[in-house]
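Keep the viewer open as you read.

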Amino acid sequence: MIELGRFDEAIVAGKKALRLNPAYQIPYRCLASAFAHLGRDAEAREAVARLLEVDPAFTISAWIARGGQSNAKLLIEGFRKAGLPE
């Protein structure tokens with residue numbers, strides 16, 4: 001949904017996923033990017049903090065190297081806006 005620019009929908013989906021499994025890191029990545037794109041900086045930083053609690057070693061470059069979506073320009077741009085480490 002991020003790549004389609006449907007940030008509000010991504011937030012709804014991310015929150016739903018976290019209700020089902022709060023230890024799952026993918027929704028935190030989604031939320032961090034979506035909130036950042038919407039200028040909701042405090043919420044983006046909160047998602048980053050939670051992601052780094054679940055996966056302290058997370059970096060954008062490591063995620064891409066592990067097979068993350070290197071062509072996901074909006075997602076990665078949101079990661080950077082949210083303050084995730086390179």
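Throughout, contact means heavy atoms within 4.5 Å. What you're looking at is a predicted model, where local features need pLDDT of at least 70 and side-chain atom pairs count only at pLDDT 80 or more, while totals for chains, interfaces and linings use all residues. Residues are numbered from 1 along each chain as its sequence is written, and side-chain values use heavy atoms, with hydrogens and water left out.

Let's begin with S33, which sits in helix 2; helices here are DSSP runs of H or I with at least four residues, numbered from the N terminus. Leaving aside neighbours within four places in sequence, S33 is in contact with I2, L74, L75, G78 and F79. Its relative accessibility is 0%, so S33 counts as buried (buried is under 20% relative accessible area, exposed is over 50%, and partly exposed is in between, using a 1.4 Å probe and protein chains only).

From first C-alpha to last, helix 2 reaches 17 Å, close to the 16 Å expected at 1.5 Å a residue (the expected span is 1.5 Å times one less than the number of residues). Just after helix 2, G39 takes a positive phi of about 75°.

How do helix 2 and helix 5 cross? Their axes come within 7 Å and cross at roughly 80°, the axes being lines fitted to C-alpha atoms over the stretch in contact, with angles running from 0 to 180 degrees between N-to-C directions. The two helices are therefore roughly perpendicular to each other, a label for angles of 65 to 115 degrees. On the helix 2 side, the contact is made by R29, A32, S33, A36 and H37, and on the helix 5 side by L74, L75, E77, G78, F79, K81 and A82. By class, that contact has 6 nonpolar, 3 polar and 3 charged residues; Ala, Val, Leu, Ile, Met, Phe, Trp, Tyr, Cys and Pro count as nonpolar, Asp, Glu, Lys and Arg as charged, and the others, Gly among them, as polar.

Now zoom out to the core. In soluble globular proteins, nonpolar side chains tend to be buried together. Here, the largest nonpolar core has 25 residues, and I2, F79 and L84 have the most contacts inside it. (A nonpolar core is a set of buried Ala, Val, Leu, Ile, Met, Phe, Trp, Tyr and Cys residues joined through side-chain atoms within 4.5 Å.) Helix 1 (7–20), helix 2 (26–37), helix 3 (41–54), helix 4 (60–65) and helix 5 (73–82) each supply at least two residues of this core, and the largest share, 7 residues, comes from helix 2. As for I2, residues up to four places away in sequence aside, it touches F7, A10, C30, S33, A34, H37, L74 and L75.

L52, in helix 3, counts as partly exposed because its relative accessibility is 27%. Sequence neighbours up to four places away aside, L52 touches F58, L84 and P85. Q69 lies in the loop between helix 4 and helix 5, and at 44% relative accessibility Q69 is partly exposed too. A23, in the loop between helix 1 and helix 2, is exposed, with a relative accessible area of 52%. Although A23 and E53 are 30 residues apart in sequence, they are 9.3 Å apart in space, C-alpha to C-alpha.

How values were computed:
Parallel < 35°, antiparallel > 145°, perpendicular 65-115°, else oblique.
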